[in-house]
Amino acid sequence: MKKCIPIFLGTVLALLTFIPIASAGASDETNVPEEYKAFDLGEIYVTAEKIPASKKVTVTTEITAEEIKATNSRTVAEALSYVPGVIVSGGRKNQPSVQIRGLDQSMSLILIDGVPYYETNYGKLDLNQIPVDNIAKIEVIKGDSSVLYGPNALAGVINIVTKKPAGKPTAEGFLEVGEHATSKISLTHGMKTGMLNYWLNYAHQESAGWRMSDDFDPKPGTIVKKPGGTTQAVLEDGGFRNNSDFRTDSFWAKIGLEPNPDSEYYLNFHYIGKEKGVPPSTVSETVFPDRPAFSGFARITRYDDWGIDLSGQQKVTDMVTMKAKLFYHNHLDDYTSFSDQTYRDEIAVSRYKDYLVGGILIADIRPVDWNIVRFGFHYRGDSHKERDASYLPFAEDFSYTGSVSMENEFDRVKNLSVVAGVSYDWFRVTEAERNSTDKDTGDFLNQTDLEKPGTMDEFNPMIGATYTLDDATRLFGSIARKVRFPTLSQLYSTKSGNIGLTAERSINYTLGISRAFGSLANAGAAFFLYDISDFISRDAPGTEGIYRNYAKIRFSGVEVHGEVYPLKDLILRLGYTYNHARDRSEGRVTDNVTFVPEHKVDVGLNYTVPYIVTLVNLTGVYVSDSYNQLPTPQKPDQESIKTGDYFSMNARVSKSFLKRYEAYIAINNIFDSDYESEYGFPAPGRNFYVGLSVKL
């Protein structure tokens with residue numbers, strides 16, 4: 001049945017070619033109407049013609065739908081991997097880790113149309129499950145984001161903004177195929193008529209697994225059974241990656257009402273369902289065969305998300321505009337453990353059930369043209385339920401996160417904008433439970449209520465300014481205090497949890513310059529610094545591996561980017577990030593920090609070949625080596641292990657024809673580089689894709 005889905009949808013795509021859209025009219029290549037717009041209610045700010053100063057006083061990168069298409073990215077995580085200052089690696093659970101300037105994904109605030117997207121136990125979700133077909137842009141704000149975003153944006157903010165119709169009825173079908181039963185189908189339709197509009201998208205992706213580099217060299221790994229001892233085995237033999245198959249279906253719907261330019265109201269819905277294998281580490285995997293069992297040899301047999309939100313913006317008076325959101329997001333995943341690397345004997349299914357519900361209110365007050373005062377209010381409740389095996393009851397945790405903020409933007413002086421703000425943020429756990437089982441049989445004994453920490457609260461100010469010189473050179477800088485509250489896993493993990501944890505705190509600094517050189521080029525550079533205290537770590541001396549607010553970490557560096565337009569149809573892009581991370585913790589064994597590459601280079605080329613009008617896109621990423629393991633106060637003699645540097649280049653060649661068709665071929669990892677972005681987890685080798693899209 002699963003194999004029939006791409007065939008069926010491919011037939012639908014072919015039929016779409018011959019079905020006209022009512023009132024669409026003839027296509028005009030010289031004056032093609034706009035097909036979609038970015039969903040402006042997906043921004044945290046009140047919609048306005050002017051970009052808020054808080055986005056201009058720090059480093060903000062915007063990835064457009066066309067740029068996503070040029071890199072042949074199929075998911076949000078893939079699209080983010082080409083952003084300067086952002087590193088995306090692949091590791092355990094077949095799930096990418098998205099770092100902003102060396103800081104873990106859980107320290108960034110991830111949003112879809114301004115609504116938080118995470119699960120409450122670990123503070124993050126798989127961004128590879130979000131397809132890009134419905135995305136208008138991805139906005140990455142690094143370091144000193146506005147206080148209006150609230151807490152847990154210590155590293156930065158990633159806002160995924162979806163599409164809405166622009167005017168004319170539009171429909172698009174898309175089909176991509178690759179080797180080893182890899183395919184993708186996407187169907188999109190949207191329309192705006194009068195005050196009513198809607199946008200619909202369905203996408204299906206699946207693969208039997210991805211090809212590894214031909215240079216991969218299989219080596220014996222270790223299987224540790226507790227109890228049961230240690231054995232040696234080759235956990236990956238090359239070819240197509242073991243247990244790397246996946247299948248994803250997603251549906252997105254948006255319906256909006258815009259009765260006049262001062263009012264707009266939208267209802268959004270999304271559903272994403274995924275099943276995927278979990279490729280094993282090539283180095284070591286652990287199996288706990290006794291009930292409740294757990295194993296590194298696993299499949300995630302369900303990974304489902306759905307959410308609904310109501311967004312609105314209303315101009316109340318000439319001076320006051322209000323924006324509000326109400327949202328509900330639900331997440332469920334099943335982790336199925338197997339006894340060994342054959343994936344035949346199922347020994348346990350653990351389940352997470354999460355939801356968050358809440359609201360956001362933003363008020364924009366303009367007493368005069370050169371002064372804007374903004375007020376923000378966030379409040380949400382987070383529920384997390386888990387059980388280690390299907391015979392156990394669910395243990396539930398519940399928490400509340402809130403924020404009240406004020407921001408003032410001052411534009412009285414020509415070419416100068418100053419923004420200052422402060423937020424009061426808080427976090428409170430109201431419910432925490434744990435299951436107890438018999439140590440010998442694993443039978444359920446009882447469920448106990450755990451102690452709850454007191455309310456954590458913080459005041460977080462920020463200030464920034466941007467000034468444009470007469471030659472269009474722009475200077476900018478900002479300072480902000482940021483916090484991230486501990487996750488439920490850090491508070492209540494059986495082996496390492498600590499309810500005495502408090503928020504991680506950082507003072508973030510940015511100082512930068514940018515300039516456009518007419519129609520020839522544009523460039524920018526920024527210095528950044530994160531001075532983090534109370535960093536949550538399990539490496540503190542004498543604590544036997546429990547989490548503590550122990551570490552002091554400093555990240556400092558430079559981020560440079562530029563575009564050059566030497567010819568009419570040629571664009572060259574270059575980005576470079578230098579990140580100097582140092583551990584400043586008392587009692588540390590080394591100054592080095594794990595998982596932070598010191599250098600990253602992003603390169604890109606977009607060229608339209610004359611006469612044959614064929615678009616060539618090349619995208620390359622270089623990432624320097626990084627430490628995967630270091631000696632710690634807990635283990636001062638532990639070996640230092642590094643993940644090597646790597647360079648990967650992708651290519652996409654596309655050709656439009658018959659006005660509404662586009663065909664392309666894409667190659668990822670052209671040079672078939674054999675590398676690991678995380679220790680023990682080889683990256684995909686050279687993989688090929690061909691695709692066809694049709695727009696009506």
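A: Start with burial. A residue counts as buried when its relative accessible area is under 20%, and as exposed when that area is over 50%. Keep in mind that the model is predicted.

Q: Is Thr-590 buried or exposed, and why?
A: Thr-590 has a relative accessible area of 16%. The cut-off for buried is under 20%, so Thr-590 is buried.

Q: Where does Thr-590 sit in the chain?
A: Look in the loop between strand E31 (570–583) and strand E32 (599–609).

Q: Which residues does Thr-590 touch?
A: Leaving aside residues up to four places away in sequence, Thr-590 touches Asp-583, Leu-630 and Pro-631. The side chain of Thr-590 also has a polar atom 3.1 Å from the backbone nitrogen of Asn-592.

Q: Now strands. How do E12 and E13 pair?
A: First, the general idea. In a regular strand, side chains alternate between the two faces of the sheet. Here, E12 (residues 220–225) and E13 (residues 229–234) pair in the antiparallel sense, over 6 bridges. Gly-221 stands opposite Ala-233 in E13.

Q: What lies between E12 and E13?
A: The two strands form a hairpin with 3 residues between them. In the turn, Gly-228 has a positive phi of about 140°.

Q: How many bridges join E12 to E16?
A: There are 4, and E12 and E16 (residues 284–288) run parallel. Ile-223 has Glu-285 as its bridge partner in E16.

Q: How do I read aromatic pairs?
A: Two values describe a pair of rings: the distance of the centres and the angle of the planes. The whole structure holds 21 aromatic pairs. One of them is Phe-377 with Tyr-379, a stacked pair at 6.4 Å centre to centre and 15° between the planes. Phe-377 is partly exposed at 37% relative accessible area, and Tyr-379 is partly exposed at 31%.

Q: Why is the pair of Phe-657 and Tyr-661 stacked?
A: The ring planes of Phe-657 and Tyr-661 stand at 15°, with centres 5.3 Å apart, so the pair is stacked. Planes under 30 degrees apart count as stacked. Phe-657 is partly exposed, at 33% relative accessibility, whereas Tyr-661 is buried, at 14%.

Q: Which residues form one aromatic cluster?
A: Among them are Phe-269, Trp-306, Tyr-328, Phe-377, Tyr-379 and Phe-459.

Q: Which ring does the charged end of Arg-291 sit over?
A: The ring of Tyr-391, at 4.1 Å from its centre. Arg-652 lies over the face of Tyr-664, also 4.1 Å from the ring centre.

Key. Residues are numbered from 1 along each chain as its sequence is written. This is a predicted model: local features need pLDDT of at least 70, side-chain atom pairs count only at pLDDT 80 or more; totals for chains, interfaces and linings use all residues. Side-chain values use heavy atoms; hydrogens and water are left out. Buried means under 20% relative accessible area, exposed over 50%, partly exposed in between (1.4 Å probe, protein chains only). A polar contact is a pair of N or O atoms within 3.5 Å; within protein, one must be able to donate a hydrogen and the other to accept it, and residues adjacent in sequence count only if both atoms are side-chain atoms. Contact means heavy atoms within 4.5 Å. Two strands pair if DSSP finds at least two bridges between them. Rings of Phe, Tyr and Trp (its six-membered ring) pair if their centres lie within 6.5 Å; planes under 30 degrees apart count as stacked, over 60 as edge-to-face and the rest as tilted. A charge sits over a ring if NZ of Lys or CZ of Arg is within 6 Å of the ring centre and within 35 degrees of the ring normal.
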